[in-house]
Amino acid sequence: MPHPFRLYGRFLRTYMKTQLEYRFSFFGDIFVNMMTFVTLYLSFWVLFNTFPTMNGWNYWEVVFLYNLNLLTYATSSLFFWGPMKQLEHLVRSGEFDQFLVRPLDPLKLLVFRQFQHTFIGHIIVAGTVMVLCTIQLEIHWTTGNIAFLLLCVLGGTLIQAGIIITAASSAFWVVRSGTVVDISIYAIRNFINYPISIYGRSIQLLLTFVIPYAFVNYYPAAAFFGKDHAGSSELSHLYSYSSLAVGAALFAAAVWIFRRGVMRYDSAGS
Amino acid sequence: MNVYYKLMLNAVQSSTVYRFHTFVTTFQRLIGIFVQISLWTALYKGAQSFQMEITQASLQEMWMYVVYSSLIGLMVANGNIYSLSDKIQTGHIVTALIRPIGLFRSLLFETLGSKVFMILFEIIPVLIVSHFVLGLPLPNIEAIPVFMIMLIMAFTTFFLMTFIVGMSSFWYIRTFHLEFMLTHVMNFFSGLMIPLWFFPRELRAVMDWLPFDLVYYAPLSVLLGKAKYAEIGVMLAKGCVWIALLAAAAVMIWHLGKRKLVIQGG
């Protein structure tokens with residue numbers, strides 16, 4: 001039994017081979033996804049052309065905040081978006097059976113099987129624009145803040161992955177799990193496109209304790225730029241340094257929920 | 001009974017089946033509205049703290065803009081791109097070709113049928129929330145007739161655009177590339193998120209030559225009473241020209257596509 005990472009390498013190579021067979025489409029997918037964000041940055045630019053501030057955040061800070069979300073979402077989606085989107089169909093049709101008879105953990109196999117190259121475009125855009133933001137904001141780099149940022153990206157990626165896995169695992173309990181996924185990763189994630197201090201207390205609590213998207217970008221970025229928090233208490237300063245811990249806990253919980261779901265799974269029968 | 005009327009009734013009936021779907025999309029729509037309203041509120045507060053006056057529109061008008069923009073999105077939406085690319089790629093388009101009714105018209109009446117259901121179950125709930133929860137005033141009665149004309153124009157413009165993108169499947173398999181492009185260009189250039197009155201002059205000059213603002217900005221600016229007579233006249237003329245151009249393009253592409261089409265026997 002090869003090491004899981006080596007095995008994933010094999011799966012990845014096969015996936016890439018099939019995709020690169022259609023080179024034009026492959027690069028087209030990536031290019032189109034990059035283009036879509038141009039209009040988004042333009043919208044931010046237009047807003048800041050008229051308005052001086054977004055709750056104390058300037059243009060480059062808001063763009064940075066947005067990209068922290070985008071970068072972590074895309075990194076997690078490279079691995080999880082494809083499989084988790086498929087899960088509803090696999091469970092409903094009974095095709096999930098095949099994952100139970102292979103000599104590999106079902107979750108691993110599910111993830112290994114389906115990489116999603118389209119998100120490479122998001123990562124290129126988000127990474128480049130974030131570097132541009134730090135140049136514009138004249139961030140003074142130290143080992144400390146580089147390490148902080150990297151750990152926040154890692155934590156954020158784990159949070160995004162945890163949320164999509166949890167949402168998709170609902171397939172084992174409800175029929176329309178695709179909708180649960182869409183609400184979690186599209187509708188709710190919309191909240192963190194802007195600093196969450198623009199919302200009322202209840203939404204902030206929701207995004208901190210129920211669906212902890214705020215740890216993906218708001219709390220880390222607020223600390224990175226030395227901003228006052230929404231509810232500037234002693235406790236909330238701790239939030240800025242908790243992304244990785246929240247991410248690890250959420251990811252572990254998500255894997256546990258998925259496994260509980262698999263135990264509950266009884267095939268559609270044939 | 002007229003066959004297109006029958007198609008429309010079918011669409012009404014099939015949408016009633018997807019009640020759960022309707023509930024979910026309404027929920028998502030309300031979240032979107034809430035996020036945008038919070039954003040504008042924060043921006044206006046920020047401008048106030050800098051003693052800046054925003055002359056283009058008041059905060060309440062922006063709230064109305066957000067709500068009505070979301071509703072216009074509902075009213076102009078259609079399934080053309082999915083429907084056409086699916087029909088073309090699977091070869092099912094052949095059934096559309098042998099039917100004695102037009103493909104364009106059957107898509108049109110299906111879309112209109114789905115609107116009847118939508119008005120009852122998606123638009124009215126949002127209007128109730130906006131009026132009773134957000135306390136927004138209802139639009140001015142006098143603006144309604146011109147608004148309706150603009151709305152029909154918006155619907156037609158968008159319908160033709162999506163029809164053309166859908167037919168691109170005759171040549172280009174990954175239709176979603178063009179669909180993504182259209183969606184994102186629309187998001188920005190149509191005034192869906194940000195009304196054109198906040199755009200810098202150079203950018204507006206570009207947009208004046210493009211058809212996208214016909215879809216959101218034109219009806220919205222009429223509804224909020226922001227467009228004056230001269231501007232309404234210009235928008236109407238622009239709409240007619242663009243609809244004629246897009247319709248001509250659609251007819252041409254449809255004929256070229258049919259010639260390109262090869263269907264495997266079954």
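This is a predicted model: local features need pLDDT of at least 70, side-chain atom pairs count only at pLDDT 80 or more; totals for chains, interfaces and linings use all residues.
Residues are numbered from 1 along each chain as its sequence is written, and chains are lettered from A in the order in which they are written. Local features need pLDDT of at least 70, side-chain atom pairs count only at pLDDT 80 or more, and side-chain values use heavy atoms, with hydrogens and water left out.

**First stop: two helices of chain A**

Select residues 23-50 (helix α2) and residues 59-93 (helix α3) of chain A; they pack at an angle of about 150°, with their axes 10 Å apart. The helix α2(A) is therefore roughly antiparallel to α3(A) (angles over 145 degrees count as such). The contact (heavy atoms within 4.5 Å) includes F37(A), L40(A) and W45(A) of α2(A), and Y59(A), V62(A) and N67(A) of α3(A).

**Second stop: H117(A)**

Select H117(A), in the loop between α5 (106-113) and α6 (119-136) of chain A. Next, show the side chains of Y15(A) and D29(A). The side chain of H117(A) makes a polar contact with that of Y15(A) at 2.7 Å and with that of D29(A) at 2.9 Å (a pair of N or O atoms within 3.5 Å, one able to donate a hydrogen and the other to accept it).

Move to T22(B), in helix α2 (residues 19-49) of chain B. Not counting residues up to four places away in sequence, T22(B) touches F117(B), F121(B) and E122(B).

Key
Axes are lines fitted to C-alpha atoms, for helices over the stretch in contact, and angles run from 0 to 180 degrees between N-to-C directions. Helices (H or I, at least four residues) and strands (E, at least two) are DSSP runs, numbered from the N terminus. Angles under 35 degrees count as roughly parallel, over 145 as roughly antiparallel, 65 to 115 as roughly perpendicular and the rest as oblique.
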